[in-house]
Amino acid sequence: MAAMAETGSVLLDEAGRLFGDLFASAEARLAAERGEWPEAAWRRLEEQGFTLALVPEAKGGAGLRPAEVWPLLRLAGHYALPLPFAETVIAAALWARAGGEVPAGPLTLAPALPGETLRLDAAGRLSGRAHAVPWAGQAYIVASVTDARGKPVLALLPPQKEAGARRTLGGDPAPDLVLDGATPEALRPASASLSLPHGWLALGAHMRAEQLVGGMARALAYAIEHANTRVQFGRPIGKFQAVQHMIAEAAGELAAATAACDRAAPFFDEEEGVLDAAIAKARASEAAGKVAEVAHQVLGAMGFTREHPLHFTTRRLWSWRDEFGGEHHWHEMIGRRALAAGGEALWRLLADRPEGVMDEAGEAR
Amino acid sequence: MAELRFPPVRLPAEARAVREKVRAFLRDELEAGRFTPDVDSWGRFDPEFSRRAGRAGFIGMTWPKAYGGGEYSALSRFVVACEMLAAGAPCGAHWIADRQSGPQILRHGSELARRTLLPRIAAGECYFAIGMSEPNSGSDLASVRTRARREGDAWVIEGSKIWTSRAHQVHYLIALTRTGDPGPDRHQGLTQFIVDLKAPGVIIRPIHNLAGGHEFNEVFFDRVRVGDEWRIGEVGEGWRMVTGELAFERSGPDRFLSDYRLLTALIDHLGVEPGAEEVGAEEARAVGRLVAHLGALLSMSQAVAGLLAAGENPAVEAALVKDVGTRFEREIPEVARRFFSGPVRSGGADYFERALGRVMLHAPSYTLRGGTREILRGIIARGLGLR
């Protein structure tokens, strides 16, 4: 798999085997999309310690570095896991780093869209609305909320079982979260990076960018396999230049999205990482539409059926690209930053990071 | 699916130190008014600038000190190339010699050629042109018909090359010639020679480009004698040599930073006055998209530089950098023109307008030079395992 190439680590090999095994049958996936919580699959993920990958060892997690964990999310995207695995990895790490006790079971993040604010009043009651919160009915929610003094804090909420049944195109639950006087189970201070404008959303965006890269690699692999085996006019369709060039262009999109994610890989919940996370999501979201289009074009009518597994990937690409801010949202944020800095400053904005941060420690943080 | 590798690479301390050094050099140059930042940085021919860059140690950086090099890593060279282009410095005189002719001579040239030419290239005094395309051989390079025949200790070259950038201004050209039987794959029997462009029998005719500029030439060889010591590599090994260096030619920042100064000019054009009304969402998005693309390209290109530094030959990854990079270069003027009212005209004082006009006229060449987009996509497709 292209997106995984450089690692070859034992951890990723192990994760890849497990992820591939969890939803080997299409029926298991479709059941999850119908709303059956895949408890057995979830338990295996937890038992292997993957869900707490980023949680410090002292807090019972695996204590891995961000640069080791982002590829895990990429891999989860590759296998289109119908579970809040990525959300749990991120939310658990945030909550643990903020000093909270991580609850058992799946976790998620709210808000998940730009421009949405949840509030905490002086009496400790929550209000506000967050749309399309992934798995809000099944998972504990780590929410970024604005307190009475206008400062961001983290709040922990139990799963909102009444949240409704709306699902993304990918088939994963994403109900609206309506808070009307609820009391959080716990509150923790928000980090400096989460307090920045865009800081909260950038973390979820980075998470979805990694999943997009994994999913795009899967879609492209389906396209290449099909182009090599489907025979028309007496030869595999991959022999035709028109098909080759489409696939090459999609590979370029994937490569650029991968490189954009790799830029951001040293960072988790750090102020220096916000711009790189924005770039990663902007590039990956833009690439996803093109890669999905090419994959479907190459697979023809077969790729448009429920029978072929391509849709498990492409339906998620079409959703992930718009979750935690689509490319248009992030383009605007990046553009405003570049325009505020001015033409001459642009180069340093891009070139002086992230090496400077990584080098001092001698390794990626 | 075949593996594509863009392993993230950290810049070593040496490369970071080199970055500060080249920035200081460029700052001094700018402050002294010795160059004006402009688009098409590596297309602009300024021997004075090249000599100063050579003296400062920024040409032939990776070569052995015995040949005038600095024994820096490929990542340090990558950093210098990026900084030069980002500054819009006129690197055109030495660019080809530094990027590909010098490295070929170092790896496959005779000791005489190395001793004679490399120190002069590194000093920024000796410039090269590429002698691959011919009137009837473009993308199908294996069909070259320029012949070199052995006569005693020398070779006699007959034929012609075309689209030879700066042949009228540079000192040498490396010519790909047919010296033997093409074999079934036509890749046999090709040999490269260093040709002195002042040698008897070399005739150079200008070809003006659509913008009116004279960069291209057609170069004729009328029984041009070249000593065997100016041969590059073994007889018949020319194809392997030409394709072996492609990763260096295709993965560098010159494949996405040609227009960089148009992007900075666009930002300044949109941002004009500090404290002025906030820029509109459409403007911000257009710029932000280009910046996101550039960030990704920088990482891709740096990853390939890291592979090259590790001694690998990532030809497919390099083709991807060039395909994605030149697509980006060609988009910059298309985005920029949305924020310029009316047609671009000559004779104005506004830098943004001048840069936009120049880039619009030169953009078609970006996806042609160094391997057309179509050839690259074929290479990428094969690299992905399409059979």
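The model is predicted: local features need pLDDT of at least 70, side-chain atom pairs count only at pLDDT 80 or more, and totals for chains, interfaces and linings use all residues. Residues are numbered from 1 along each chain as its sequence is written, chains are lettered from A and ligands numbered from 1 in the order in which they are written, and side-chain values use heavy atoms, with hydrogens and water left out.

**Stop 1: domains 1 and 3 of chain B**

Colour chain B by domain: domain 1 is 13–127, domain 2 is 130–236 and domain 3 is 243–383. These bounds come from an automatic or database domain assignment. Now select domain 1 of chain B and domain 3 of chain B, whose C-alpha centres lie 21 Å apart. Domain 1 of chain B gives 23 residues to the contact and domain 3 of chain B gives 24 residues; contact means heavy atoms within 4.5 Å.

Between them, domain 1 of chain B and domain 3 of chain B bury about 2100 Å², with 62% of it on carbon and sulfur atoms. Buried area here is the accessible area (1.4 Å probe) that two parts lose on being put together, summed over both.

Next, pick B:Asp40 and B:Arg358, whose side chains meet in a salt bridge (2.9 Å, N to O). A salt bridge is a side-chain nitrogen of Lys or Arg within 4 Å of a carboxyl oxygen of Asp or Glu. The count between domain 1 of chain B and domain 3 of chain B is 2 salt bridges. There are also 10 residue pairs in polar contact between domain 1 of chain B and domain 3 of chain B, both residues at pLDDT 80 or more. A polar contact is a pair of N or O atoms within 3.5 Å; within protein, one must be able to donate a hydrogen and the other to accept it, and residues adjacent in sequence count only if both atoms are side-chain atoms.

On the side of domain 1 of chain B that touches domain 3 of chain B, the elements giving two or more residues are helix H3 (74–86) and helix H4 (92–108) of chain B. Helices (H or I, at least four residues) are DSSP runs, numbered from the N terminus.

**Stop 2: helix H2 of chain B**

Select residues 47–55 of chain B, helix H2, where B:Phe49, B:Ser50, B:Arg52, B:Ala53 and B:Gly54 are buried. Buried means under 20% relative accessible area, exposed over 50%, and partly exposed in between (1.4 Å probe, protein chains only). The buried residues of H2(B) pack against helix H1 (13–31), H3, H4 and helix H5 (111–122) of chain B. Step just past H2(B) to B:Gly57, which takes a positive phi of about 90°.

**Stop 3: chain B against chain A**

Show both chains. The contact takes 58 residues from chain B and 53 residues from chain A. About 4900 Å² is buried between chain B and chain A, and carbon and sulfur atoms give 63% of that area.

The count between chain B and chain A is 7 salt bridges, and 14 residue pairs are in polar contact across the interface (both at pLDDT 80 or more). On the side of chain B that touches chain A, H1, H3, helix H8 (260–271), helix H9 (281–309), helix H10 (315–336) and helix H12 (373–383) of chain B each supply at least two residues. H9(B) gives the largest share of that side, 17 residues.

**Stop 4: salt bridges**

Centre on B:Arg23. Its side chain meets that of A:Asp352 in a salt bridge (2.8 Å, N to O), and that of B:Glu20 in a salt bridge (4.0 Å, N to O). B:Arg23 and B:Glu20 are 3 residues apart in helix H1 of chain B, about one helical turn. B:Arg23 is buried at 6% relative accessibility, whereas B:Glu20 is partly exposed at 45%.

To finish, select A:Glu249, A:Glu253, A:Arg283, A:Glu286, A:Lys290, B:Arg289, B:Asp323, B:Arg327, B:Glu331 and B:Arg377, which salt bridges with shared partners join into one network.
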